[in-house]
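Hi everyone, thanks for having me. Let's take a look at a protein together and walk through it step by step.

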Amino acid sequence: MAIDMRVDLAGVSLPNPLVLASGIWGSVAGTLVRAASNGAGAVTSKSCSLAPRIGHPNPTVLHWGHGFINAVGLSNPGAHVQRQELARAHEELAPTGAALIASVFGDTPQGFADAVHVIAEAEPELVELNISCPNVESEFGRPFALDPDAAARATEAVRAVYAGPLLVKLSPNAPELVAVARAVVAAGADGLTAVNTLGPGMLIDLEARRPILSNRVGGISGPALRPVAVRCVFELAGAVAVPIIGTGGVSSGHDALEMIMAGATAVGIGSGLYCEGDGIFRRVLEEMEQWMEQEAVDSLDEIRGCAHG
Ligand SMILES: Cc1cc2nc3c(=O)[nH]c(=O)nc-3n(C[C@H](O)[C@H](O)[C@H](O)COP(=O)(O)O)c2cc1C
């Protein structure tokens, strides 16, 4: 039986549903292409702003046993430098069939629009707005993703300068997640990525008697996030009619299928790649296909959203 793993993500055809999540392998063409060559159906670049950012000093990422806590602080070379690297990535990704998703953030709606305006010249297949980073609150204030109006303003500002496929990345920390999703879809989002990291959280070094991360607090990802992410995808899929990249703690075929059953169109992998390396994409795909074969499921469309009953 031939299993069809292709998915349509906001009008962009992906060879399979697995997506490299933003921030895990940076934005260097070589690593993005490496993820695609090892089985990712789409790759997301590290979030980029108009101006370069150094980010927080180390320590910024810690594996604590049930996932990661991170406060990298959105370090990036700025949109003008990133545009060149992403243009190269776009060209080199073509033979793999994988799509390039360019992640962008700003401190104001206009900041989002200005950065997207520059990055769009690299011709990524999709743009993803990171309105949900919990690690820069002391600098930028509350993430846009926590408030439907603020989230809509950032989306609208980008829509005014960019006509291509647009994803908005949501936060598991939003008290009114569905209201935020409805607001960004009404403002022009073609799809959602759910979710960014949970928290913020904190861990303390007993010897130093201080928080471990230099930023003190950071976002939680990996296995500890997964049940929250699945619930978010389930709620969103029941409320909006746009495709969702279900992201959070996925590290097996079982986890990826769970996201699809919750209603996700595609499935993001971030922390799992940190732990296992680039073999994770092929392994997860094989495990998905094995289960589908056993259950006589020919395509992901057959099971997408089935958990809703
Ligand atoms: C070290 C690290 C850096 C991250 N940087 C970004 C980023 O720049 N932009 C973004 O939208 N998400 C970023 N994320 C969040 C991931 O893309 C993803 O949404 C989250 O980690 C949940 O997925 P996971 O459990 O598979 O890692 C980062 C996550 C980690 C662990």
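Let's start with P59, which is found in the loop between β4 (42–44) and β5. A word on those labels: helices (H or I, at least four residues) and strands (E, at least two) are DSSP runs, numbered from the N terminus. Before going on, please keep in mind that this is a predicted model, where local features need pLDDT of at least 70, side-chain atom pairs count only at pLDDT 80 or more, and totals for chains, interfaces and linings use all residues. Residues are numbered from 1 along each chain as its sequence is written, and side-chain values use heavy atoms, with hydrogens and water left out.

So what kind of peptide bond joins N58 and P59? It's a cis bond, with omega about 0°. G199 and P200 are also joined by a cis peptide bond, with omega about 5°, and P200 lies in strand β11.

Now for the barrel. Here 8 strands close up in the order β3-β4-β7-β8-β9-β10-β15-β16, and the pairing is parallel. Two strands count as a pair if DSSP finds at least two bridges between them. From one strand to the next, the twist averages 25°; the axes behind that are lines fitted to C-alpha atoms (for helices, over the stretch in contact), and angles run from 0 to 180 degrees between N-to-C directions.

Let's zoom in on β14. Strand β6 (residues 68–70) is joined to strand β14 (residues 218–221) by 3 bridges, and the two run antiparallel. Along that pairing, F68 stands opposite S221, while N70 stands opposite G219. Then β11 is joined to β14 by 2 bridges, again antiparallel, and the bridge partner of G201 in β14 is G218.

A10 has a phi near 50°, a positive value in a residue other than glycine, and you'll find A10 in the loop between β1 (7–9) and β2 (12–14). R209 isn't a glycine either, yet it has a positive phi of about 60°; look for R209 in the loop between β12 (204–205) and β13 (210–211).

For G270, a backbone N or O atom is 2.9 Å from a ligand oxygen, and for K46 it's a side-chain N or O atom, 3.0 Å from an oxygen atom of the ligand. Taken alone the ligand exposes 600 Å², and the protein buries 98% of that, with accessible areas from the Shrake-Rupley method using a 1.4 Å probe (for residues, only the protein chains shown count as cover).

Methods
Polar contact = N/O pair within 3.5 Å; in protein donor to acceptor, adjacent residues only side chain to side chain.
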